[in-house]
Amino acid sequence: MSMRRVAIVGIGYTKIGEHWGRSLRDLFVEAALKAMDDAGVERVDALYVGNMMSASLQEQEHLGALLAGDIGLSGIPACKVEAACASGGMSIHQAYLAVASGEYDIVMAAGVEKMTDRLTPEVTLSLAMAEDREYVIFSGATFVGLNALLHRLYMHKYGAEPEDIALVAVNDHENAVNTPYAHFRNRVSVETVLSSPMIADPIHLFECAPISDGAAALILCPLDKARKFTDTPIEIEASTVSTDRLSVHERDDPLTLMAIVRAARKAYEKAKIEPKDIDFVESHDAFTILGVMTLEDLGFARKGEGYLLVREGQIARDGRIPMNTMGGLKARGHPIGATGIYQAVDAVLQLRGEAGKNQLSKAERGLIHSMGGVGGTVVINILRRAD
Amino acid sequence: MSVPIYWRESKYRYKLIGSECMKCHKRFYPPKRVCPVCGSRELKDVKLPDKGHVVTYTIIRVPPKGYEEYAPYPIALIELEDGTRLIAQLTDVDPKDVKIGMVVKATFRKLSEIGRDGIIQYGVKFRPLIENES
Ligand SMILES: [Zn+2]
């Protein structure tokens with residue numbers, strides 16, 4: 001079966017932050033309409049909405065039909081896509097398949113999460129639902145706690161210092177200063193990160209992505225029709241998914257996220273490229289340690305040496321592999337189900353040459369890494385400026 | 001957690017019962033229906049050893065709903081004597097005394113005072129091995 005090539009021709013997004021006065025539906029509608037305006041379309045043929053926690057935080061499901069109705073498109077095929085924190089990336093994957101298959105021409109891949117409707121203990125429990133509820137979370141473990149197990153083991157095994165790992169958060173904040181839609185636009189120092197309160201030792205508050213509200217949307221269409229909608233189509237060169245045993249204790253090496261290794265390998269193969277052909281990476285660094293491990297499992301550093309890339313400043317905008325060029329999960333923000341879409345927005349802005357003060361000198365191809373749980377689901381999307 | 005879920009899983013949670021693959025003899029906790037290593041569907045319940053060591057650990061300072069009264073508490077990735085790994089809470093230990101490699105033993109404890117349905121939840125925690133204890 002021959003698949004069609006697919007392009008992104010429209011983007012829309014809200015500012016990320018604490019939107020006390022606005023609902024999940026309000027945020028979605030703003031992002032969706034902006035994306036349609038950006039592409040110059042009045043309707044789409046299908047809608048996928050990435051979201052993780054509407055059931056537990058809003059007591060609302062059936063987002064597909066609900067939100068299609070909210071943008072005046074009742075009648076189109078629509079559904080929610082859920083893969084924990086990878087829901088947004090998975091929404092892109094589903095939309096990509098829908099267009100590539102030839103079934104639909106214009107498809108919206110959206111994502112939305114409204115986290116501030118509940119108090120922190122309830123949000124903490126909802127986030128922990130990404131893990132095995134009946135055995136792992138039952139013990140009293142939290143999502144940040146599970147990442148902390150890896151953080152401590154990583155330092156113990158490879159000799160990384162707390163400062164090396166904290167630099168991932170420093171880099172995110174540095175890049176978010178110029179990002180108008182970022183949750184936090186302040187710089188932070190390593191000292192600030194490491195003197196912030198401990199959440200789950202050795203993870204400090206400033207090493208965790210914040211609790212954010214936000215929505216973002218993309219318009220996808222076949223590449224050969226893309227110029228009707230935009231002068232700067234961005235091709236999705238590869239969109240791949242892999243899963244792993246859900247819990248870290250079930251894996252042979254807890255410090256290797258095999259879902260990243262597998263999805264990335266397949267994505268490089270499909271795009272006929274190698275890691276060295278990637279100009280920048282948008283990494284799912286919900287916790288600083290994940291940023292370090294991701295560099296290794298994507299093939300930018302050998303296992304156990306990702307922290308050296310960070311220490312040497314190679315993830316900065318002028319480094320060898322710029323990472324999270326618009327602020328990443330820590331500073332741009334992490335509205336769970338929308339995060340994968342925001343990562344694509346960040347990459348599209350870079351590839352269109354619209355990243356403002358953060359514009360990279362060379363941005364032809366970017367890799368987006370979206371992750372659910374502690375590597376239980378990984379989606380890799382490789383984007384490239386179309387010729 | 002609801003009453004039916006709690007009741008259904010209590011056997012495995014109370015007694016540390018995992019499963020062993022009859023083909024490749026790998027063991028798992030929690031129990032599996034299909035072996036994730038060799039794909040075999042022949043697995044049987046097996047009582048896991050109650051001693052092991054801490055592979056890595058954390059101290060939970062921001063607990064989930066229902067666990068607030070115990071915080072801060074340690075959570076560890078534990079490797080049992082037969083190589084089976086699991087994640088459990090540590091008890092009877094000052095969080096600052098927890099170490100990688102520490103030898104620990106399973107003990108039956110209360111996990112959460114009020115479950116979602118108002119039930120008191122019990123399960124296995126691990127405590128440091130006492131001197132001269134086998
Ligand atoms: Zn087996």
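1. Start with the two domains of chain B. Ten residues of domain 1 of chain B are in contact with 15 residues of domain 2 of chain B. This is a predicted model. The assignment places residues 1-48 of chain B in domain 1, and 49-109 + 120-128 in domain 2. Over C-alpha atoms, the centres of these two domains of chain B are 20 Å apart. About 950 Å² is buried between them, and carbon and sulfur atoms account for 63% of that area.

2. On the domain 1 side of chain B, α1 (3-15) and β2 (27-28) each supply at least two residues. The largest share, three residues, is from α1(B). By class, that side of domain 1 of chain B holds seven nonpolar and three charged residues, with no polar ones.

3. Now the interface between the chains. Here 41 residues of chain B are in contact with 33 residues of chain A. The two chains bury about 3200 Å² between them, with 62% of it on carbon and sulfur atoms. Three salt bridges cross between chain B and chain A. One of the salt bridges in the model joins K32(B) to E250(A), with the closest N and O atoms 2.4 Å apart. The rule also finds 13 residue pairs in polar contact between chain B and chain A, both residues at pLDDT 80 or more.

4. Which elements of chain B give two or more residues to the side that touches chain A? They are α1, β4 (51-60), β5 (73-80), β6 (85-89) and β8 (121-128) of chain B. The chain B side divides into 27 nonpolar, five polar and nine charged residues.

5. Chain A also has two domains. Domain 1 of chain A covers 6-119 + 212-228, and domain 2 covers 126-210 + 237-385. Their C-alpha centres lie 22 Å apart. The contact takes 42 residues from domain 1 of chain A and 37 from domain 2 of chain A. These domains of chain A bury about 2900 Å² between them, 71% of it on carbon and sulfur atoms. In domain 1, I16(A), C85(A) and S212(A) lose the most area to domain 2 of chain A, together 23% of what that side buries.

6. One salt bridge is found across the domain interface of chain A. R352(A) and D38(A) form a salt bridge, their closest N and O atoms being 2.9 Å apart. There are 13 residue pairs in polar contact between the domains of chain A, both residues at pLDDT 80 or more. On the domain 1 side, β1, α2 (54-58), α4, β4 and β7 (213-222) of chain A each supply at least two residues. α4(A) gives the most, with eight residues. The classes on that side of domain 1 of chain A are 23 nonpolar, 14 polar and five charged.

7. Last, two pairs within chain A. The whole structure has 37 salt bridges over all chains. D105(A) and R4(A) meet in a salt bridge at 3.0 Å, N to O. D105(A) lies in the loop between α4 and β4 (107-114) of chain A, and R4(A) in the segment before β1 (6-13), so the pair ties together parts 101 residues apart in sequence. Seven aromatic pairs are found over all chains. F143(A) and F287(A) form an edge-to-face pair, 5.7 Å centre to centre with 65° between the planes.

Conventions. Residues are numbered from 1 along each chain as its sequence is written. Chains are lettered from A and ligands numbered from 1 in the order in which they are written. This is a predicted model: local features need pLDDT of at least 70, side-chain atom pairs count only at pLDDT 80 or more; totals for chains, interfaces and linings use all residues. Side-chain values use heavy atoms; hydrogens and water are left out. Domain bounds come from an automatic or database domain assignment. Contact means heavy atoms within 4.5 Å. Buried area is the accessible area (1.4 Å probe) that two parts lose on being put together, summed over both. Helices (H or I, at least four residues) and strands (E, at least two) are DSSP runs, numbered from the N terminus. Ala, Val, Leu, Ile, Met, Phe, Trp, Tyr, Cys and Pro count as nonpolar, Asp, Glu, Lys and Arg as charged, and the others, Gly among them, as polar. Rings of Phe, Tyr and Trp (its six-membered ring) pair if their centres lie within 6.5 Å; planes under 30 degrees apart count as stacked, over 60 as edge-to-face and the rest as tilted. A salt bridge is a side-chain nitrogen of Lys or Arg within 4 Å of a carboxyl oxygen of Asp or Glu. A polar contact is a pair of N or O atoms within 3.5 Å; within protein, one must be able to donate a hydrogen and the other to accept it, and residues adjacent in sequence count only if both atoms are side-chain atoms.
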